[in-house]
Amino acid sequence: MAAAGIVAVVGTSPSLGADTWLRDLGLGAVGTPGPTPPADTLAGGGPATSAPATSAPASPPPATTGSATSVTPLATEPGYDAASIPPRASGRLVTVPGRSAANAPGRRLVYRLQVEAGLPFDPATVAGTVHAVLSDRRGWQPLEKVAFERTDGAGYELTIVIASPETTDRLCYPLDTVGQLSCRNGPRVILNAIRWAVGVPWYGGRMDLYHAYLVNHEVGHALGHSHEYCPGPGRPAPVMMQQSKGVGRCLPNPWPAVNA
Ligand SMILES: [Zn+2]
């Protein structure tokens, strides 16, 4: 059931039909492109970041759409509204207990997940979502020859944090996340709770897919990837495009493999 709103976006769709592409991604119900977005992932000019924060068009990367089929759907978390996210929570980052096993060959990339105390999210549910995204075969694993493994102990090389807007700003400094954006700063990925809660309009309420975008984009920075840009009207947006700021004439896409 392709959304009517998408049709306007894909007027000059190239080789791949939008319906096919949307079906492959499970993105059948994307809403109309919303107003200019408040936010997205940011990687400003700070020393700890790997990517500029510009949004100017760039030369399109070669985009082959190698999307996967018959993939287990991601879990959908309960929705939250913006009012449920305090601008400032406790400031205390709590490591989510438990471990999540790797499911692929390749170098083990061990991470831990922290959720700031005082946020409404269920930590175990968030952990399930994050690991499902990271270990999805449309994700970074096959591209980077890594296998993500979650720990609650020592030996991690990456920390993924979900933090309130003010804590995000503090952890992302000197990057300027203005209470809305997320970032990768050194060995930490900080996901802004307000984005985790409400997403962005052009993902049409598909929080599972927006969560996948947010995780894949910021972890992509941790893996050394810089920003990419919309390669052309109707094409899937590269996951390294700042899709929280908008997708332009591209279609929202949460998966690295789609533009691999
Ligand atoms: Zn970014």
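Reader: What is the mean pLDDT of the protein chain, and where is the pLDDT below 50?

Author: The pLDDT is the predictor's confidence in each residue, from 0 to 100. Its mean over the protein chain is 78, and 69% of the residues reach 70 or more. Residues 1-72 have a pLDDT below 50, although this stretch has 153 contacts in the model beyond near neighbours in sequence. Where pLDDT is low, predicted coordinates should not be read in detail.

Reader: How many helices and strands are there, and in what order do the elements run?

Author: Helices (H or I, at least four residues) and strands (E, at least two) are DSSP runs, numbered from the N terminus. The protein chain has seven helices and six strands. Their order from the N terminus is α-α-β-β-α-α-β-β-α-β-β-α-α.

Reader: Why is Glu116 called buried?

Author: A residue is buried if 20 or more other C-beta atoms lie within 10 Å of its own, exposed if 12 or fewer, and partly exposed in between, with C-beta atoms placed from the backbone. Glu116 has 24 C-beta neighbours inside 10 Å and therefore counts as buried. This residue belongs to strand E2. Of the 260 residues of the protein chain, 49% count as buried.

Reader: Which residues does Glu116 touch?

Author: Two residues are in contact if their C-beta atoms, placed from the backbone, lie within 7 Å. Leaving out residues up to four places away in sequence, Glu116 touches Ala89, Ser90, Arg92, Leu93, Ile162, Ala163, Ser164 and Thr167. In the protein chain, 72% of the contacts with a separation of 6 or more involve residues 24 or more positions apart.

Reader: What makes E2 largely enclosed, and which strands pair with E2?

Author: Seven of the 10 residues of E2 are buried, so the strand is largely enclosed by the rest of the structure. Two strands pair if DSSP finds at least two bridges between them. Strand E1 (residues 93-95) and E2 have three bridges and are antiparallel, with Val94 facing Val115 of E2 as its bridge partner. E2 and E3 are joined in the parallel sense by five bridges, and Val110 has Glu149 in E3 as its partner. E2 and E4 run parallel and are joined by five bridges; here Tyr111 is the bridge partner of Leu158 in E4.

Reader: How do you know that E6 is paired, and with which strands?

Author: E4 and E6 pair in the parallel sense through five bridges, and Val161 stands opposite Ile190 in E6. Strand E5 (residues 183-185) runs antiparallel to E6, with three bridges between them, and Cys183 has Ile190 as its bridge partner in E6. E5 and E6 form a hairpin with two residues between them, and Gly186 in the turn has a positive phi of about 60°. Because four of its five residues are buried, E6 is largely enclosed by the rest of the structure.

Reader: What is meant by the largest nonpolar core, and which residues have the most contacts inside it?

Author: A nonpolar core is a set of buried Ala, Val, Leu, Ile, Met, Phe, Trp, Tyr and Cys residues joined through C-beta atoms within 7 Å. The largest has 59 residues, and Val161 and Ile162 have the most contacts inside it. Elements that each supply at least two of its residues include strand E4 (158-163), helix H5 (165-172) and helix H7 (207-222). H7 gives the largest share, nine residues. Among the contacts of Ile162 beyond four places in sequence are Val115, Leu119, Phe121, Leu191 and Trp196.

Reader: What span is expected of H3, and against which elements do its buried residues pack?

Author: The expected span of a helix is 1.5 Å times one less than its number of residues. H3 has 12 residues and reaches 16 Å from first to last C-alpha, close to the 16 Å expected. Its buried residues, including Val126, Val130 and Leu134, pack against E2, strand E3 (146-150), E4 and H7.

Reader: Why does Val239 count as buried?

Author: Val239, in the segment after H7, has 26 C-beta neighbours inside 10 Å, and therefore counts as buried. The C-alpha atoms of Val239 and Tyr213 are separated by 6.6 Å, though the two are 26 residues apart along the chain.

Terms used. Residues are numbered from 1 along each chain as its sequence is written. This is a predicted model: local features need pLDDT of at least 70, side-chain atom pairs count only at pLDDT 80 or more; totals for chains, interfaces and linings use all residues.
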